[in-house]
Amino acid sequence: MRIFDTHCHLDFAAFDDDRAQVIAAAQDLGVERFMLLGVAKQQFDRLINVSQDFSNSCYFSLGLHPYFIEQHEEHHLGALESYLEAILADTQTRCKAVGEIGLDVTCGKPELQQTLFKGQLKIAAEYQLPVILHHRKTLDELLKAVREASIQRGVVHAFSGSYEQAAAWADQGFKLGVGGTITYQRAKKTRDAISRIGAEHLVLETDAPDMPLCGYQGQRNEPKRVLEVLNSLSELLQTETNELADVLWKNSVELFN
Ligand SMILES: [Zn+2]
């Protein structure tokens, strides 16, 4: 069984003391690959270094995350493009997407968010990269922008929404990121949407160190717990775990080429 944690922030300071052990603990359980996310220009070098330190398992994306809006400036779009241009010149590059990007109603500076988000969609289209999307009460707005930018490959990170929304994203060619949320029985709408849309439209993720699973509230989340997400999903979809893991692995690898 091979597992891809398609969304984890292993470069964050929360893992500074035991990053190698955290990665090894996940690998012991079959979590072979990790996608690390760009969040701000000031973090790119560190992110690239961490993914280089663990080059047998870590891939990365570059992007300007709405959570860090206070750190972003409009000219960081140009910086992102320069990074991508340099990095993608290497055919062995482990940079596989533009992300984590999106719109978040709780983060402020809505105009700058819009400029950065749309600018990054344009860059992703230009470099033919998938996008990794962050949303908060912005799912439909994101879909409209993605359609306008003609982007047909990406992940809706931490999908939470209705079946109709899930189906619209699947139609656009996007995968839905399934993480700790589905381990909470109360997340009825999301669990229902994910069970109806089917495994071929899903990928696994943890968002570690954030988004703890049910039973681990208040603790640092870790990529090894993606196994528990897989088990919950296997129950929800009533599909055998190994068979499901194969489909999700294939989805992830295809998505990130
Ligand atoms: Zn994230």
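This is a predicted model: local features need pLDDT of at least 70, side-chain atom pairs count only at pLDDT 80 or more; totals for chains, interfaces and linings use all residues.
How many disulfides does the count come to? The count comes to zero.

1. Cysteines. A disulfide is a covalent bond between the sulfur atoms of two cysteines. For Cys8, the closest cysteine sulfur belongs to Cys58, and the separation is 6.8 Å, which is too far for a bond. The cut-off applied is 2.5 Å between the sulfur atoms. Cys8 counts as buried, because its relative accessibility is 0%. Cys58 is buried as well and is part of β3. Cys214 is partly exposed, with a relative accessible area of 39%.

2. Annotated site. The unreviewed UniProt entry places the feature "binding site" at His134 and His157. The annotation comes from the record and may be inferred rather than shown by experiment.

3. His134. Where does His134 sit? His134 belongs to strand β5, which runs over residues 131-136. With a relative accessibility of 6%, His134 counts as buried, the limit for that class being under 20%. Beyond its neighbours within four places in sequence, His134 contacts a set of residues that includes His65, Pro66, Tyr67, Asp104 and Leu142. Glu100 and His157 are also among its contacts. The side chains of His134 and Glu100 are joined by a polar contact of 3.5 Å.

4. His157. This residue is placed in the loop between β6 (154-156) and α6 (163-171). His157 counts as buried, because its relative accessibility is 4%. Leaving aside neighbours within four places in sequence, its contacts include Glu100, His134 and His135, together with Glu205, Asp207 and Met211. His7 is another of the contacts of His157, and the two side chains make a polar contact at 3.3 Å.

5. Strand β3. Is β3 (residues 58-62) largely enclosed or open? Five of its five residues are buried, so β3 is largely enclosed by the rest of the structure. Cys58, Phe60 and Leu62 point one way from the strand, whereas Tyr59 and Ser61 point the other way, and all are buried.

6. Pairing around β3. Strand β2 (residues 31-36) pairs with β3 in the parallel sense over three bridges. Within that pairing, Leu36 has Phe60 as its bridge partner in β3. β3 also pairs in the parallel sense, over three bridges, with strand β4 (residues 95-104). Here Phe60 has Cys95 as its bridge partner in β4.

7. Pairing of β4 and β5. These strands pair in the parallel sense over six bridges. Gly99 stands opposite Ile132 in β5. β5 is mostly covered, with five of its six residues buried; His134 is in this strand.

8. Cis peptide bonds. Most residues other than glycine have a negative phi, and most peptide bonds are trans. Which residues does a cis peptide bond join at an omega of about 15°? They are Gly99 and Glu100. Glu100 lies in strand β4, and its side chain makes the polar contact with His134 given in point 4. A cis peptide bond also joins Ala208 and Pro209, with omega about 10°. Pro209 is in the loop between β8 (202-204) and α8 (226-237).

9. Positive phi. Lys109 has a phi near 45°, a positive value in a residue other than glycine. Lys109 is located in the loop between β4 and α4 (110-126), and with a relative accessible area of 39% it is partly exposed. Gln128 likewise has a positive phi, near 55°, and is not a glycine. Gln128 is in the loop between α4 and β5, and its relative accessible area of 65% makes it exposed.

Notes. Residues are numbered from 1 along each chain as its sequence is written. Side-chain values use heavy atoms; hydrogens and water are left out. Helices (H or I, at least four residues) and strands (E, at least two) are DSSP runs, numbered from the N terminus. Buried means under 20% relative accessible area, exposed over 50%, partly exposed in between (1.4 Å probe, protein chains only). Contact means heavy atoms within 4.5 Å. A polar contact is a pair of N or O atoms within 3.5 Å; within protein, one must be able to donate a hydrogen and the other to accept it, and residues adjacent in sequence count only if both atoms are side-chain atoms. Two strands pair if DSSP finds at least two bridges between them.
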